[in-house]
Amino acid sequence: MKNAIPEDLLSRLSAFVGERLGLHFPPSRWSDLERMACSASKELGPDDPESLIERLMSPAVTGEQMEILASHLTIGETYFWREPEVFTALEDRILPNMIHSRGSGARRLRIWSAGCSTGEEPYSIAIALRRTLPAIEDWDITILATDVNPRMLRAAAAGEYGEWSFRNAPPWLRDRFFRPIGGRDGRREIVPEIRRMVSFARLNLAEDVFPSRANDTNAMDIIFCRNVLMYLSPQHANRIVEKLHSALVDGGWLMTGAGELSQTLFSNFAAAQFPGAVVYRKSSEPPRPEEPALAETALPPESSLREPPDFPAMYVESPPAREKPGKEAPHAIAPSIRELADLGELSEALAVCEKAIAGDRLDPELHYLQATILQELNREDEAFSSLKRTLYLDPGFILAHFIMGNLALRRGEAETGKRCLENALDLLNDRGDEEILPESEGLTAGRLRQIILVAMRTGESA
């Protein structure tokens with residue numbers, strides 16, 4: 001059937017969403033793109049899809065409009081325990097090996113569900129951890145779940161599901177980890193002990209910076225990115241896989257969808273064969289005897305402030321004058337601290353950072369680095385104190401305001417969180433949208449502004 005929207009406009013829209021969202025709409029899928037654009041026009045207005053498309057592709061497009069467009073272009077098809085062979089490998093081999101290797105050291109696990117949709121995947125991961133990990137309370141667990149679609153994230157954070165979400169799940173999962181919602185036609189909500197294990201945040205894999213301590217996407221032990229890459233253009237998919245590789249610690253695991261296996265796309269990884277599943281590992285060393293052998297699996301080929309904002313009272317004193325550091329300035333150690341943190345060596349990074357602070361207590365960058373490391377170690381009270389010191393020394397440190405705001409929101413301190421995020425927005429007013437922010441590892445002022453506005457609308461950390 002002939003498209004109602006002219007093909008030249010659909011071609012431009014396809015290129016636009018490919019660049020901004022990474023989504024791949026070749027000519028064979030232009031009918032899907034047209035249908036989704038018509039759906040978005042009913043919400044965004046005007047009802048004329050052609051006028052809407054022209055407006056979306058103009059410089060005046062807002063972050064909120066892009067989020068609404070993304071909600072119509074992305075598919076939220078997911079369910080609990082999807083591809084159960086992957087979760088069997090996770091429970092029987094991958095997690096036990098990690099638990100054994102870290103039992104006498106840093107009891108820390110970091111997992112990222114990239115493209116989490118409505119939350120079934122990250123909650124399944126949390127359930128697998130709860131079932132596998134003895135004395136889980138003694139461990140520092142991070143499960144980060146991100147998606148480009150803010151509506152799906154809100155549904156995920158609510159943690160309420162109908163029977164369709166359990167269509168492939170074993171009965172014990174629903175009976176043990178969910179409870180009925182009265183008067184809701186069979187809907188169930190996830191139990192608090194599992195809900196608390198997962199934190200949700202908006203992240204655009206095509207545009208946002210990662211790995212980065214600013215959005216907690218570095219030093220991951222396991223990344224789930226399943227049934228996401230298939231919707232991306234080849235250029236975006238290759239770039240994202242490279243960044244996912246960098247986001248993993250050495251020996252970390254990448255779980256992809258069964259339909260996304262590719263020798264070319266994942267050439268920097270080693271493929272590991274488990275019963276019914278193939279997963280990828282970042283490692284330059286051969287496996288230990290107790291670990292699964294890396295199989296020669298036959299995988300398919302790749303088909304400064306003019307008007308100071310209203311800072312909290314704790315910032316208003318003038319910081320002491322800072323002496324010019326000598327040639328062995330401790331703050332020169334900052335790159336090595338970042339490198340250690342990015343590799344997941346958090347205890348060593350913290351020790352080096354604290355030694356550097358002892359040599360130069362007036363360097364806000366060092367206190368900020370200390371805060372980000374403490375945050376990753378889940379020592380949030382100490383991280384909050386380090387951020388206070390950062391802002392005492394440099395009230396214009398935008399990312400310190402941002403992270404403090406996120407911490408406050410997670411701690412249930414809504415008023416403080418809102419104030420900190422507002423301070424960050426005030427400071428961003430003096431920055432161009434394309435300007436890279438200091439200590440942000442590539443994050444632009446415009447993108448941070450969008451992230452903060454979303455967080456302030458939802459009342460949740462970004």
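Start by selecting Asp216, which sits in the loop between S6 and S7 (strands are DSSP E runs of at least two residues, helices H or I runs of at least four, numbered from the N terminus). Although Asp216 is not a glycine, its phi is positive, at about 65°.

A word on what you are viewing: this is a predicted model, with local features needing pLDDT of at least 70 and side-chain atom pairs counting only at pLDDT 80 or more, while totals for chains, interfaces and linings use all residues. Residues are numbered from 1 along each chain as its sequence is written, and side-chain values use heavy atoms, leaving out hydrogens and water.

Stay in that loop, between strand S6 (198-202) and strand S7 (220-224), and pick Pro211. A cis peptide bond, with omega about 0°, links Phe210 to Pro211. Most peptide bonds are trans, and most residues other than glycine have a negative phi.

Next, select Trp81, in the loop between helix H4 (63-73) and helix H5 (84-102). Trp81 also has a positive phi, near 60°. Its relative accessibility is 6%, so Trp81 counts as buried (under 20% relative accessible area; exposed is over 50%, with a 1.4 Å probe and protein chains only).

Now show helix H2, residues 30-44. Colour its buried residues, among them Trp30, Leu33, Ala37 and Leu44.

Notes. Expected span 1.5 Å × (residues − 1).
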